[in-house]
Amino acid sequence: MSSSFFLKTKENPKFAKKGKNTAGTKRKGDVDPTGKGKLRAKKSSSKYNEEISSDSETESATAPKKRQSTEQIEYEETPQEKKLRLAKLYLEQLKEEEENKAEEASFETDLIAGRLQEEVLEQRGKLQRLIAKDLIPPDPSEIRMFRGHKLPITCLVITPDDKYIFSAAKDCSIIKWDVESGKKIHTIPGGRKGTEDRHVGHTAHILCMAISSDGKYLATGDMNNLIMIWEAESCKHLYKFTGHKGAVSGLSFRKGTHDLYSASHDRSIKVWNVDENAYVETLFGHQDSITGLDSLSRERCVTAGGRDGTVRVWKIAEESQLVFHGHEGSIDCIQLINEEHMVTGADDGSVCLWSVNKKKPLSTVKRAHGCHGDAGIEQPHWVSSVAALQNSDTIASGAYSCSHNSEVNVWKCGQNYRGLQPLFSVPVSGFVNSLKFSSSGQFLVAGVGQEHRYIYTHVSIETKVPEN
């Protein structure tokens, strides 16, 4: 089961950039297209302003002839004067066209300068759109459920155009959903163990997935150490990547490219070139199973190291890594907010904000989703997923609850990402295994299951006590 809800602002029922709604408003100061307004009649002399009675027809018939002879004198311009007049009109027209072009060029220049400035800020990790203050909780009627998998959902992605959602589950299947209608567009069924040679698709639990920034490729990773590459539009299978020696637990495409990063329980990071169907290199460093991975446009990725207690930033070109410490438990999820900041969640119940330039968290919220258990022995709810609306001050976290009654918390990041303020919570039924904001920020999707993605289906064994 996956659920989605729209993020609304105080002014707009659906999330949008804050602005005034000008549709349907009445404009003041409308003027005549000529710019002159209504033409006034010439003022007549007092001689002809007198009232004329019906018995003065003879005088009224002679008056226009006098006026015609004295006031309406036709003027004929010479060919030279006509040429001069048309030349002046042509020059005025050219001048007006040049002024319009200059205004358009100035507007385009300002627009390009603004975009370049925004891109520079984005690359430096300085871009922070302040939108969290305008968000309000969704109404229960706006929360939609997409049902289709037979076993718990483990991961999901949203296409860059926000039109489709891909979800995967422990039943080894992949479903493509239409966001607008909520209907299934395509289903890639899962296969049974032992049918790998003849089944096109996964035959083991799918743990992670990623989609390229142009929406061309979909990548999925499973418990059988395999990575599958699909054509996102048609769901056609393209390639199979092998090489990991443990379950594939994290996937991410580098933004603007078809370079794919993968993380595994074998403690390694691998780099692939999907266009060339080629393996590039392997990186080592974590001391325990890697549980999460993310990347943006820079040639680097970030990972969560599970029970080794570290967050790492991998600089691919330099073949180096930065190591960060902060959580007290297993770090199970990670997401980049921008190129310089990231958010993580752990089974100690905490949510942390980080800068890639500091080895300790900028901010930590302990027991972010509360606690469970008897008084004196309370345990925090396990933070099982995090999501960030890129280049903004808005993040979300999902909890793993033993009571099966979980929630998605939406948070506002403080200035310079120092501090986290809770905005609202959305209750869900089950364990929140995956969270994703849409590119536009109009909605948030949660992948919910009846067990955690790393907890595998238990088989109960009944034993009989022999009778005496």
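Is Cys235 buried or exposed? Cys235 is buried, because its relative accessible area is 10%, where buried means under 20% relative accessible area, exposed over 50%, and partly exposed in between (1.4 Å probe, protein chains only). Welcome to a short tour of this predicted model, in which local features need pLDDT of at least 70, side-chain atom pairs count only at pLDDT 80 or more, and totals for chains, interfaces and linings use all residues. Residues are numbered from 1 along each chain as its sequence is written, and side-chain values use heavy atoms, with hydrogens and water left out.

**Backbone: positive phi values**

- Most residues other than glycine have a negative phi.
- Cys235 is not a glycine, yet its phi is positive, at about 65 degrees.
- You will find Cys235 in the loop between β11 (227-231) and β12 (236-241); strands are DSSP runs of E with at least two residues, helices are runs of H or I with at least four, and both are numbered from the N terminus.
- Tyr417 also is a residue other than glycine with a positive phi, near 60 degrees.
- The loop that holds Tyr417 runs between β29 (405-413) and β30 (420-429), and Tyr417 counts as buried because its relative accessibility is 3%.

**Aromatic rings**

- A pair of aromatic rings is described by the distance of the centres and the angle of the planes.
- The structure holds 5 aromatic pairs, taking rings of Phe, Tyr and Trp (its six-membered ring) with centres within 6.5 Å; planes under 30 degrees apart count as stacked, over 60 as edge-to-face and the rest as tilted.
- One of these pairs is Tyr239 with Phe241, which is stacked, with 6.4 Å from centre to centre and 5 degrees between the planes.
- Within this pair, Tyr239 counts as partly exposed because its relative accessibility is 22%, whereas Phe241 is buried at 4%.
- Ring pairs also link Tyr239 and Phe241 with Trp272 and Tyr279 in a cluster.
- Elsewhere, a charge meets a ring: the charged end of Lys176 sits over the ring of Tyr164, at 4.5 Å from its centre. The criterion is NZ of Lys or CZ of Arg within 6 Å of the ring centre and within 35 degrees of the ring normal.

**Salt bridges**

- Side chains of opposite charge can pair when their charged atoms come close.
- Searching the whole structure gives 7 salt bridges, each a side-chain nitrogen of Lys or Arg within 4 Å of a carboxyl oxygen of Asp or Glu.
- Lys170 and Glu451 form one of them, with their closest N and O atoms 2.9 Å apart.
- Lys170 lies in the loop between β6 (164-169) and β7 (174-178) and Glu451 in the segment after β32 (443-449), so this pair ties together parts that are 281 residues apart in sequence. Both Lys170 and Glu451 are buried.
- Arg298 and Glu339 meet through their side chains in another salt bridge, at 3.9 Å from N to O.
- This pair links distant parts of the chain, 41 residues apart: Arg298 is in the loop between β17 (292-294) and β18 (300-304), and Glu339 is in the loop between β21 (331-336) and β22 (341-346).
- Arg298 counts as partly exposed because its relative accessibility is 23%, while Glu339 is buried at 3%.
- Arg307 forms a salt bridge with Asp347, and their closest N and O atoms are 2.9 Å apart.
- Since Arg307 lies in the loop between β18 and β19 (310-315) and Asp347 in the loop between β22 and β23 (351-355), the pair ties together parts that are 40 residues apart in sequence. Arg307 counts as exposed, at 60% relative accessibility.
- Through shared partners, salt bridges join Arg298, Glu339 and Glu340 into one network.

**Cysteines**

- A disulfide is a covalent bond between the sulfur atoms of two cysteines.
- The structure holds 0 disulfides, with the test being a pair of cysteine sulfur atoms within 2.5 Å.
- Cys413 is buried, with 2% relative accessible area.

- Tyr90, Leu91 and Leu94 make a nonpolar surface patch of about 300 Å². Patches are made of residues with over 30% relative accessible area and no salt bridge, where like charges are joined within 9 Å and nonpolar side chains (Val, Leu, Ile, Met, Phe, Trp, Tyr) within 5 Å; accessible areas come from the Shrake-Rupley method with a 1.4 Å probe, and for residues only the protein chains shown count as cover.
- Leu94 has its place in helix α2 (residues 79-124) and counts as partly exposed, at 32% relative accessibility.
- Glu231 is in strand β11 and counts as partly exposed, at 31% relative accessibility.
- From C-alpha to C-alpha, Glu231 and Ile211 are 9.8 Å apart in space, and they are 20 residues apart in sequence.
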